[in-house]
Amino acid sequence: MPMVYIESLHFILILLGMKYPFWIIAAAYVAGITTAMCMGNCPVPSECLYGLLALLFLTAIVLYLCRWHRLLSVSIHLLVFACGMTLTFITPQPNRHEHRGMKDDGLASRAQEYLHARCAEADFGAPQRSVIEAMTLGRRTELTKETRQLFARAGVSHVLALSGMHISTIFIFLQYLLGYRIMNVVWQRRMNIIIALLLWAYAYIAGMPPSLVRAVTMCTFMAIGSVIERSIVSINSLVLSAIAMLLVNPRLIADIGFQLSYLSVVGIIVLGVPLCRLCPIERFAIARWTWYSVCISLVCWAFTAPLVTYTFGELSTIGIACNLCITLLASALIFTNCLWMLTAWLAPVAVLLNWIATIMLSMVEWFASLPFASVAYRPTLLQALLMYVVVACLTVLVRMNTRK
């Protein structure tokens, strides 16, 4: 389809220039997907849709030959919009009970079952084992309803879903394992590509959930940028990963996990990084880390709270404080689990892993037991949009002050 060639062209432009505003293409594509989903079933025959795509594609070629660049840009965005509608119409509606990631072909399932069996052989408690498997294998079937509610009430449900935090920890672990720090610059760049391939293998075993695919895709773009000696703009990398996932399945745009994952990362990029630069104490590492953690937790909470309250009707009021403690424990748990798997499942490492999981569960239970842990509130759609307007205004003010 023409969409593949158009997106390939923009991907090449990103790798060469790193400054192209790819979010405009993403906005047009998402608008096409949203329009198609609002329209429901396709009201016109597929032949008409393909004819429209061919007409827009030929128009773009003519405008390119005539060097009418402004009209060419408009035609490309219309083409992307039409492709978003077409792909949404021809993509079947997924089954409600179907796994949100890829379709399992047997190999990933066998790998997961083997790792699950090794975890079952260890002397873990049932709650500890369920949390360990959810945070490392993406296997959430063992989680009880009570455990899920505890994490949700404490505002740290994202810890149980494989995402950027998990990938960054595994990325650092692989760097130490492969001797990244003692290599020269050339071999470090090559090693980044190898680590990216290993992360894709891990994502395949974990079932390719959307949040994990987004994180691994961004790491891949960063690795490519290090090889070609270009600094890839983070927002472009984020948008590219979203486009890649929506090309495979446009209906992911309606998935709440997909939305929350990208909202939190967008918040970190556009507001979290500028806030971190305003750190009043730069000399002491502990104070600096505390400031960074508070800023990132606050930003993630601000960018996801309107959508969470609108969808679930409950708002966690202690999520920021709980995240400061749980994030460090979650990173330690993932790091220790990787070490445990690579050391032939040594008993002392297993004891340490079970101890970390126990502390995490106890801390989450304590935070969730507080009387003011969560507030029942469900805003209207207009109120949720107004919340995001306020967040956007605050973001603009912070960025203006940091530029000065």
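Let's start with helix 14, which gives the second largest pocket the largest share of its lining, 5 residues. Keep in mind as we go that this is a predicted model. The second largest pocket has a volume of about 480 Å³, and 19 residues line it. If you want to find its centre, look for I170, Y202, C338, M341 and L342, the closest of the lining residues to that point.

Now let's turn to the cysteines. A disulfide is a covalent bond between the sulfur atoms of two cysteines. This structure holds 0 disulfides. Take C322, whose nearest cysteine sulfur belongs to C325 and sits 6.7 Å away.

Charged side chains bring us to the salt bridges, of which the structure holds 3. One of them joins E113 and R139, with 3.3 Å from N to O. Because E113 lies in helix 5 while R139 lies in the loop between helix 6 and helix 7 (145-154), this pair ties together parts that are 26 residues apart in sequence. E113 is partly exposed, with a relative accessible area of 39%, but R139 counts as buried at 13% relative accessibility.

R139 has another partner, E133, in a salt bridge whose closest N and O atoms are 3.8 Å apart. Both E133 and R139 are buried. Through shared partners, then, salt bridges join E113, E133 and R139 into one network.

There is also a salt bridge between R118 and E121, where the closest N and O atoms are 3.3 Å apart. Both of these residues lie in helix 5, 3 residues apart, or about one turn of the helix. R118 counts as partly exposed, at 23% relative accessibility, and E121 counts as exposed, at 61%.

Note on methods: Residues are numbered from 1 along each chain as its sequence is written. This is a predicted model: local features need pLDDT of at least 70, side-chain atom pairs count only at pLDDT 80 or more; totals for chains, interfaces and linings use all residues. Side-chain values use heavy atoms; hydrogens and water are left out. On a 1 Å grid over the protein atoms alone, a cavity is a set of points where a 1.4 Å probe fits but cannot get out, and a pocket is an open set with protein on both sides within 12 Å along at least five of seven lines; lining residues have an atom within 4 Å of a point. Grid points are joined across faces, edges and corners, and a volume is the space filled by probe spheres set on the points. Helices (H or I, at least four residues) and strands (E, at least two) are DSSP runs, numbered from the N terminus. A disulfide is a pair of cysteine sulfur atoms within 2.5 Å. A salt bridge is a side-chain nitrogen of Lys or Arg within 4 Å of a carboxyl oxygen of Asp or Glu. Buried means under 20% relative accessible area, exposed over 50%, partly exposed in between (1.4 Å probe, protein chains only).
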